[in-house]
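This report walks through a single protein chain, taking up its loops, its helices and its core in turn. Please keep the sequence and the model at hand while reading.

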Amino acid sequence: MAGRWRSGGWRALVCLPLVWALPLGALTGCGAVASSDDGVGRDGRAVQQLLDRRATAVRERDAAAFLATVDHGSRRYRDEQRRVFRQLADVPLRSWNYRLVRTGGFQPTLGTGRRLAAQVELRYRLDGYDTAPVVSAQHLTLAQHSGRWYVASDDGVVDGRHSGEQLWDQGPVEVVRGAHSLVLGVGQRRGLLREVADAADRAVPSLSRVWPGAWAGRVVVQVPADLDRMAALLGASPDGYRGIAAVTTGEVGGNDDDPSPADRVIVNPDAYRVLGDFGRQVVITHETAHVATRTATTASTPLWLSEGFADWVGYRTPGRTPDQVAPELADSVASGRTPRALPRDDDFHFGSDPDRLSQAYEQGWLACRLIADRWGRRKLVEFYREVGQAPRRSGAVESALRRVLDVDLAEFTDRWRAYVVKELA
């Protein structure tokens with residue numbers, strides 16, 4: 001979810017449920033991975049043993065053992081790793097493991113040592129909150145001295161992409177626990193973190209009331225210091241998230257190990273701070289809706305449905321009229337420009353025309369609101385699940401409309417267009 005703020009006040013809520021795993025810089029490193037697979041047989045076991053020692057040190061909070069896995073060749077890098085390890089201290093870890101995926105080519109170095117690029121998978125869980133691990137592909141540069149491997153760096157570019165950051169890379173992590181939430185912050189006053197936790201604690205029960213069935217019933221929120229640090233967590237440009245109050249990251253549809261993905265809500269404090277209490281609650285409730293619906297959200301789910309449903313949940317609390325929630329669309333209707341079709345996925349792209357983006361979210365919200373008003377909220381949930389269960393995107397909405405609501409796409413679109421005019425005129 002994300003919220004946008006303009007000089008005139010709270011104007012629209014928009015959200016991006018990222019469908020890829022968040023790239024985690026963490027305590028591991030990233031080097032330029034060579035194209036060959038030299039050394040897998042000879043050194044793979046030794047490298048995995050290094051990774052196991054490193055993971056054990058993190059789990060057991062053993063700084064000396066962790067630093068023993070770091071190359072002694074760079075004092076600056078060791079100091080950095082010592083700092084990052086310390087900044088992770090209060091994060092409640094349930095598990096932390098690395099798996100060697102492949103190694104790259106050998107890189108000759110001075111003396112008797114060698115350097116090796118390695119692709120590694122990090123899997124970690126937060127204690128009491130993650131029922132499935134966060135999974136991240138990482139790339140390490142390793143150095144060998146006297147027959148023993150060490151992690152040599154965690155910077156570099158792989159396939160044109162820089163390593164992503166983790167929250168604990170950015171500073172000491174402060175932890176606030178709520179009844180249904182865990183808030184991790186860096187560079188923020190504790191009062192703001194508590195406010196976020198309170199909003200999440202209100203959002204979780206509201207989702208449980210409208211979204212029956214199993215979901216984690218918990219939400220993890222990260223609050224970095226500013227917009228630039230938020231963008232660094234996402235591995236993106238700050239310009240794409242300016243004015244966006246929060247985003248949710250995760251993998252749609254769950255995984256084979258556990259049906260409940262480890263989602264993260266990441267708050268942009270620059271945009272979040274300017275919101276009033278109502279706007280902040282809508283933002284967090286919207287994001288929590290993405291967490292709750294993640295396992296039912298698949299590649300077959302159009303963005304108008306996933307975003308519209310999240311906005312519908314967020315705005316169920318009284319306090320705003322339809323024209324206040326959907327001002328851009330209301331202006332368009334007043335000018336005689338009623339939308340002709342449900343918004344396409346590309347209408348939701350950040351960085352596009354702001355009015356077009358706002359209207360896409362507003363149109364999706366009113367489509368879901370129509371279903372809840374005309375057929376009932378249970379039918380809205382059933383429709384959402386039915387669309388997500390379709391084997392492919394093509395025809396998924398049309399089939400679910402017929403099976404759940406007993407209408408075809410043309411009839412639903414006509415009803416939606418009339419509903420938009422009725423609610424906003």
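Is Ala299 buried or exposed? Ala299 is exposed, with a relative accessible area of 61%, a value that lies over the 50% cut-off. The model in which this residue is seen is a predicted one. Ala299 sits in the loop that runs between helix 7 (277-293) and helix 8 (303-314). Its C-alpha atom is separated by 7.4 Å from that of Gly388, although the two residues are 89 apart along the chain.

**The chain as a whole**

The secondary structure of the protein chain comes to 14 helices and 14 strands. In soluble globular proteins, nonpolar side chains tend to be buried together. Here the largest nonpolar core has 124 residues, and those with the most contacts inside it are Trp96, Phe383 and Phe412. Leaving aside residues up to four places away in sequence, Phe383 touches Trp304, Leu305, Ile371, Val397, Ala400, Leu401, Val404 and Leu405.

Helix 11 covers residues 354-374, and at 1.5 Å a residue its 21 residues should span 30 Å, which agrees with the 30 Å between its end C-alpha atoms. The helix is mostly covered, since 15 of its 21 residues are buried. Just after helix 11, Gly376 takes a positive phi of about 105°.

Two packed helices are described by the angle between their axes and the distance between the axes. The pairs considered in this report are set out below.

| Helix pair | Angle between axes | Distance between axes |
|---|---|---|
| Helix 11 and helix 12 | about 130° | 6 Å |
| Helix 10 and helix 11 | roughly 95° | within 7 Å |
| Helix 10 and helix 14 | roughly 95° | within 10 Å |

Helix 11 packs on helix 12 (residues 377-388) at an angle of about 130°, which makes helix 11 oblique to helix 12. Cys368, Ile371 and Ala372 of helix 11 make this contact with Arg377, Lys379, Leu380 and Phe383 of helix 12. These residues divide into 5 nonpolar, no polar and 2 charged.

On the side of helix 10 the residues are Pro327, Glu328, Leu329 and Ser332, and they meet Asp355, Ser358, Gln359, Glu362, Gln363 and Leu366 in helix 11. By kind, the residues of this contact are 3 nonpolar, 4 polar and 3 charged.

Helix 10 (residues 327-334) and helix 14 (residues 409-424) have axes that cross at roughly 95°, and the two helices are therefore roughly perpendicular to each other. Leu329, Ala330 and Val333 in helix 10 meet Val420, Val421 and Leu424 in helix 14, and the residues of this contact divide into 6 nonpolar, no polar and no charged. Leu329 of helix 10 is named both in the contact with helix 14 and in that with helix 11.

Helix 4 (residues 190-210) has 21 residues and reaches 31 Å from its first C-alpha to its last, close to the 30 Å expected at 1.5 Å a residue. Its buried residues include Leu192, Leu193, Val196, Asp201, Ser206 and Val210.

Gln119 is found in strand 5 (residues 114-126). With a relative accessible area of 18%, which is under the 20% cut-off, Gln119 counts as buried. Residues up to four places away in sequence not being counted, Gln119 touches Arg99, Leu100, Val101, Arg102, Gln138 and His139.

**Two loop residues with positive phi**

Most residues other than glycine have a negative phi. Arg61, however, has a positive phi near 55°; it lies in the loop between helix 1 (40-59) and helix 2 (63-67) and counts as partly exposed at 34% relative accessibility. Ser146 likewise has a positive phi, of about 50°, although it is not a glycine. Ser146 lies in the loop between strand 6 (134-145) and strand 7 (148-153), and at 79% relative accessibility it counts as exposed.

Notes:
Residues numbered from 1 in each chain as written. Predicted model: local features only at pLDDT ≥ 70, side-chain atom pairs only at ≥ 80, totals over all residues. Heavy atoms only, no water. Core = buried A, V, L, I, M, F, W, Y, C linked by side-chain atoms within 4.5 Å. Buried < 20%, exposed > 50% of the residue type's maximum accessible area, 1.4 Å probe, protein only. Contact = heavy atoms within 4.5 Å. Helix = DSSP H or I, 4+ residues; strand = E, 2+ residues; numbered from the N terminus. Expected span 1.5 Å × (residues − 1). Axes fitted to C-alpha atoms, helices over the stretch in contact; angles between N-to-C directions. Parallel < 35°, antiparallel > 145°, perpendicular 65-115°, else oblique. Nonpolar A, V, L, I, M, F, W, Y, C, P; charged D, E, K, R; others polar.
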